[in-house]
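Work through the exercises below with the model open. Each task is followed by its solution.

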Amino acid sequence: MTAWGVGTVPRSLADFAADRIDALFRYAYMLTGNPHDAADLVQEAMVRLRSSWPCVQRKHNPESYVRTTITRLHISVWRRRRREHLAWEVPEQPKSVAEPPLDLWDELAKLPKRQRAVLVLRYYEDRSDAEIAEILGISPGTVRSQASRALGKLRDTVTPLRRLR
C-alpha cells in the first residue's frame with residue numbers, strides 16, 4: 001500500500017481510490033460511528049474529488065483534501081439534522097436502566113457529534129487545536145472546551161466500568 005502523503009503524486013484518481021478508500025472509510029467511520037453514514041460521506045467526498053482532481057493532484061496531497069472534505073460534509077450533515085429523533089410509536093413504559101456497555105466505541109458514539117469530531121480530529125488525525133478550529137469553523141477555545149467535556153464524559157462512563165472488573 002502506498003502512502004499518499006506530501007511528495008507522492010498518484011497517476012490517476014482510480015489508483016488513489018483503490019489504494020486509500022479503506023483508510024478514508026475508517027476515518028469517516030470514526031467521525032460518524034455508523035458504517036452506512038461513513039460510506040455515504042466517502043462516496044460524496046470521492047465524487048467531489050473527481051471534479052477537482054487535476055487541481056488536487058498538483059497540490060501533492062489528495063488524501064488531506066479528501067479527509068477535509070469528509071469532515072466538512074459530516075459537519076454539514078449534523079448541522080442540518082435536528083437533535084430530536086422521531087419515533088413511530090410512543091413507548092408505553094420507560095426503558096429500564098441497563099448496565100452500561102463495556103465498549104469504548106459505544107461510549108464514543110454516544111457523545112454529541114461536535115465533541116466526537118473534535119476527539120477524532122485531535123487523537124485519530126493528530127491535528128492541532130488551530131487546525132481543528134479551522135476545519136470545524138469554530139474557535140480554538142471552543143475546540144479545547146469541547147475536547148475537555150468529551151473526555152470528561154468518557155472518563156465518567158469508562159472509569160466505573162474498569163472498577164467493576
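**Exercise 1: An aromatic pair within a helix**

F25 has a relative accessible area of 30%, so it counts as partly exposed (buried is under 20%, exposed over 50%, partly exposed in between; 1.4 Å probe, protein chains only). This is a predicted model, in which local features need pLDDT of at least 70, side-chain atom pairs count only at pLDDT 80 or more, and totals for chains, interfaces and linings use all residues. Residues are numbered from 1 along each chain as its sequence is written, and side-chain values use heavy atoms, with hydrogens and water left out.

Task: Which residue forms an aromatic pair with F25, and how is the pair arranged?

Solution: 
1. Apply the criterion: rings of Phe, Tyr and Trp (its six-membered ring) pair if their centres lie within 6.5 Å; planes under 30 degrees apart are stacked, over 60 edge-to-face, the rest tilted.
2. The structure holds three aromatic pairs. One of them joins F25 and Y29: it is stacked, at 6.4 Å centre to centre and 25° between the planes.
3. Both residues sit in helix α1, four residues apart, so about one helical turn separates them. Helices are DSSP runs (H or I, at least four residues), numbered from the N terminus.
4. Y29 is partly exposed at 35% relative accessibility.

**Exercise 2: A pair between helices**

Task: Which parts does the pair of Y27 and Y124 tie together?

Solution: 
1. Y27 and Y124 are stacked, 6.3 Å centre to centre with 20° between the planes.
2. Y27 belongs to α1 and Y124 to α5, so the pair links parts 97 residues apart in sequence.
3. Y27 is buried, at 0% relative accessible area. Y124 is partly exposed, at 35%.

**Exercise 3: The course of α1**

Task: Where is the kink in α1 centred?

Solution: 
1. Locate the bend. The kink is about 55° and centres on R20; the bend is the angle between axes fitted to the seven residues ending there and the seven starting there.
2. Check burial. R20 is among the buried residues of α1, as are D19 and A23.

Technical notes: Helix = DSSP H or I, 4+ residues; strand = E, 2+ residues; numbered from the N terminus.
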